[in-house]
Amino acid sequence: MKAADLSRADISFDAVVNKYSDMVTRLCCLNLNDTNQAEDCWQETFLTLYTSPYILEKTMPEIRKWLITVTLNKCRNLNKWQFHRWHENIDELDIPIFDEQISEVLDALRKLPSKYSQVIYLHHYEGYSVQELAHILDRNENTVKSQLKRGREMLKGVLELE
């Protein structure tokens with residue numbers, strides 16, 4: 001039985017944190033320019049989950065989508081709040097990746113505007129379809145498609161420069 005097939009009664013807070021901690025960390029690092037902000041965002045995301053126990057009554061795929069939405073919203077809020085404050089150099093952030101090639105691509109993704117890096121990351125690394133991304137990000141499907149296309153072109157340019 002896959003973890004995603006767990007019945008609703010089998011899902012605990014600890015199981016969700018263990019399963020999705022790395023995904024939330026990568027999203028925070030990808031969207032924030034400061035290690036401390038990324039850590040704060042991670043904490044805020046899981047604190048929101050902890051204080052929303054009704055979420056644990058959902059299936060794991062639903063919880064995953066909820067976590068992505070909450071994480072992106074928390075990142076957006078932190079970026080707004082910290083807009084005029086000093087940030088660490090984005091190149092110094094450590095994203096927990098063990099594959100060197102994937103690490104290079106994620107480093108290049110961080111150089112793109114967030115609207116492109118988010119859709120590329122969620123589509124290619126987290127496996128969401130265009131239709132699912134449109135729902136999660138509250139965007140039109142055609143917008144997601146064009147952001148994927150433009151983002152890939154921009155990513156190709158960044159990777160060729162390196």
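Student: Is Asp 138 buried or exposed?
Tutor: The model is predicted: local features need pLDDT of at least 70 and side-chain atom pairs count only at pLDDT 80 or more, while totals for chains, interfaces and linings use all residues. Residues are numbered from 1 along each chain as its sequence is written, and side-chain values use heavy atoms, with hydrogens and water left out. Buried means under 20% relative accessible area, exposed over 50%, and partly exposed in between (1.4 Å probe, protein chains only). Since its relative accessibility is 70%, Asp 138 counts as exposed.

Student: Where is Asp 138 found, and what is its phi?
Tutor: Helices (H or I, at least four residues) and strands (E, at least two) are DSSP runs, numbered from the N terminus. Asp 138 is found in the loop between H6 and helix H7 (141-161). Most residues other than glycine have a negative phi. In Asp 138, a residue other than glycine, phi is positive, near 55°.

Student: Which residues of helix H6 are buried?
Tutor: Helix H6 spans residues 130-137, and Asp 138 follows it. The buried residues of this helix are Val 130, Leu 133, Ala 134, Ile 136 and Leu 137.

Student: How many helices and strands are there in the chain?
Tutor: Read along the sequence, the pattern is α-α-α-α-α-α-α. The chain accordingly has 7 helices and 0 strands.

Student: What percentage of contacts between residues at least 6 apart in sequence join residues at least 24 apart?
Tutor: A contact means heavy atoms within 4.5 Å. The chain has 162 residues, of which buried residues make up 41%. Among its contacts between residues at least 6 apart in sequence, the share joining residues at least 24 apart is 69%.

Student: Which parts does the aromatic pair of Phe 13 and Tyr 50 tie together?
Tutor: Rings of Phe, Tyr and Trp (its six-membered ring) pair if their centres lie within 6.5 Å; planes under 30 degrees apart count as stacked, over 60 as edge-to-face and the rest as tilted. The structure holds 3 aromatic pairs; in one of them, Phe 13 and Tyr 50 are edge-to-face, at 5.2 Å centre to centre with 75° between the planes. Phe 13 is partly exposed at 22% relative accessible area, whereas Tyr 50 is exposed at 57%. The pair ties together parts that are 37 residues apart in sequence, because Phe 13 lies in helix H1 (residues 13-31) and Tyr 50 in helix H2 (residues 35-50).

Student: What is the angle between the planes of Trp 42 and Phe 46?
Tutor: Both residues lie in helix H2, 4 residues apart, about one turn of the helix. An α-helix has 3.6 residues a turn, so residues three or four places apart point the same way. Trp 42 is partly exposed at 25% relative accessibility, and Phe 46 is buried at 4%. The pair is tilted, with 4.7 Å centre to centre and a plane angle of 55°.

Student: How many disulfides are there?
Tutor: A disulfide is a pair of cysteine sulfur atoms within 2.5 Å. Cys 41, buried with a relative accessible area of 0%, is in none, as its nearest cysteine sulfur, that of Cys 28, is 3.4 Å away. Cys 75, buried at 1%, is also in no disulfide, the nearest cysteine sulfur being that of Cys 41 at 3.5 Å. By this rule the count of disulfides is 0.
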